[in-house]
Amino acid sequence: MKLSGKWKLKKIGNDSILMPIGQNALDLRRVINLNSTSLELYEQLSLGKNEEELVSYLLANYDVSKEEASKDVHEFIIKLKESKVLIDD
Amino acid sequence: MKIKLVRSVIEIHFLHEEEYLKFFSSYLVEDGEVDLFIYQDKYEEDEDKGERKIESKYYDLFIKNNQEIQYQKDEETSLYKGKLIYDEKSMRFASVDEHDFYLIILLVQYAVTRFLQNNYECILMHGSSISYKDKGIIFTAPSGTGKSTHARLWKKYYDIVYINDDKNYIVKEDGKLNLYGNPWSGKHHLDNNIIVNLTHLVFLYQNKENVLKKLDKREAFLKLMTQVVTPLSEDDFDKWNDIVDALLELPCYSLGCRIDKEAVDLIKNAIEGEK
């Protein structure tokens with residue numbers, strides 16, 4: 001999977017927002033808000049990291065169980081795929 | 001004809017120039033080295049349009065031989081009624097009906113906007129703008145909210161100059177944001193060929209009471225996004241982002257308003273009372 005290029009990360013002060021660009025901006029009139037953890041995961045994805053590596057990232061940086069981390073990462077990825085932020089290779 | 005917009009001289013070759021002299025009258029110039037040529041051609045539709053990059057209600061944008069070609073659509077039938085070929089130094093357009101005034105000035109506007117975006121730190125923003133004392137204020141809102149009506153109230157009660165009633169070219173230069181007059185000012189043709197330092201953004205909505213609120217950057221951004229032309233591709237994003245960030249540094253207000261002097265005074269007093 002990879003970032004589709006249909007969204008760009010816009011930082012405003014401490015807020016992080018994904019905004020649609022190009023054709024996507026014409027089709028959608030909405031943005032995706034990222035909280036601090038999802039921003040970190042998004043940044044990992046833009047470095048080309050996969051699902052497994054995202055789980056390891058959460059385990060290394062947060063006090064969470066493997067089950068919780070796997071579930072959170074999986075849900076985050078599904079959400080991004082639904083909005084076509086992420087696409088399959 | 002030659003016109004001057006922002007700091008560039010643009011030479012436009014219409015098939016029927018006399019039909020456009022009045023529209024561009026405040027912007028005509030005699031001299032100056034030409035920065036952009038725009039030519040009107042007879043309409044021909046290509047069989048092979050290339051790869052479609054953008055599809056919208058108003059136009060489709062194709063890439064063919066590394067050139068971007070925009071086909072303008074009839075909103076009701078979706079049939080193509082004009083086209084525009086983008087190029088660095090010379091843009092070409094054509095319309096099925098070569099006397100279609102509104103389509104032709106629209107195609108010229110697209111060409112000019114693209115040129116300004118490529119050559120300046122420039123963004124196009126929808127809204128009605130005025131110059132009041134040393135301030136440049138844009139009132140913006142979805143169409144039909146009453147931007148023009150609100151600007152007209154200012155004109156009625158205070159000493160203001162209209163900048164443009166519909167489209168605003170905002171240019172970031174020397175660390176400032178400047179609003180440049182342009183002829184594309186909507187159905188009321190209210191515009192002046194002036195340059196004003198942009199100082200305030202006001203997002204309007206209709207309300208039974210007049211309510212003013214200062215917006216934080218996030219709130220302002222979400223409203224602003226729907227009123228500016230957003231980037232067509234990832235490559236255009238950084239430049240766009242830079243000017244949007246500069247816009248968000250300005251004081252931004254939301255004004256729920258009636259059509260009365262109190263609404264005008266509410267925002268006027270807030271602006272004048274800023275530290």
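## Second largest pocket

By class, the residues lining the second largest pocket divide into 3 nonpolar, 6 polar and 6 charged. The model is a predicted one. The space in this pocket comes to about 240 Å³.

The lining is made up of 15 residues, and those nearest the centre of the pocket are A:G5, A:K6, A:I21, A:G22 and A:Q23. Two elements each give two or more residues to the lining: helix 1 (23-27) of chain A and strand 4 (51-55) of chain B. Helix 1 of chain A provides the largest share, with 3 residues.

## Helix packing in chain B

In chain B, helix 3 (residues 217-224) packs against helix 4 (residues 237-248) with the axes 10 Å apart and at an angle of about 125 degrees. Helix 3 of chain B is therefore oblique to helix 4 of chain B, since an angle counts as roughly perpendicular only from 65 to 115 degrees and as roughly antiparallel over 145. The crossing of helix 3 of chain B past helix 4 of chain B is right-handed.

## Residues at the helix contact

Which residues make the contact between these two helices? Helix 3 of chain B contributes B:K217, B:A220, B:F221 and B:L224, while helix 4 of chain B contributes B:W240, B:V244, B:L247 and B:L248. In this contact, 7 residues are nonpolar, 1 is charged and none is polar.

Definitions and conventions: Residues numbered from 1 in each chain as written. Chains lettered and ligands numbered in written order. Predicted model: local features only at pLDDT ≥ 70, side-chain atom pairs only at ≥ 80, totals over all residues. Heavy atoms only, no water. Axes fitted to C-alpha atoms, helices over the stretch in contact; angles between N-to-C directions. Helix = DSSP H or I, 4+ residues; strand = E, 2+ residues; numbered from the N terminus. Parallel < 35°, antiparallel > 145°, perpendicular 65-115°, else oblique. Left-handed = near helix turned anticlockwise from the far one by under 90°. Contact = heavy atoms within 4.5 Å. Nonpolar A, V, L, I, M, F, W, Y, C, P; charged D, E, K, R; others polar. 1 Å grid on protein atoms, 1.4 Å probe; cavity = no way out; pocket = protein on both sides within 12 Å on 5 of 7 lines; lining within 4 Å. Points joined across faces, edges and corners; volume = space filled by probe spheres on them.
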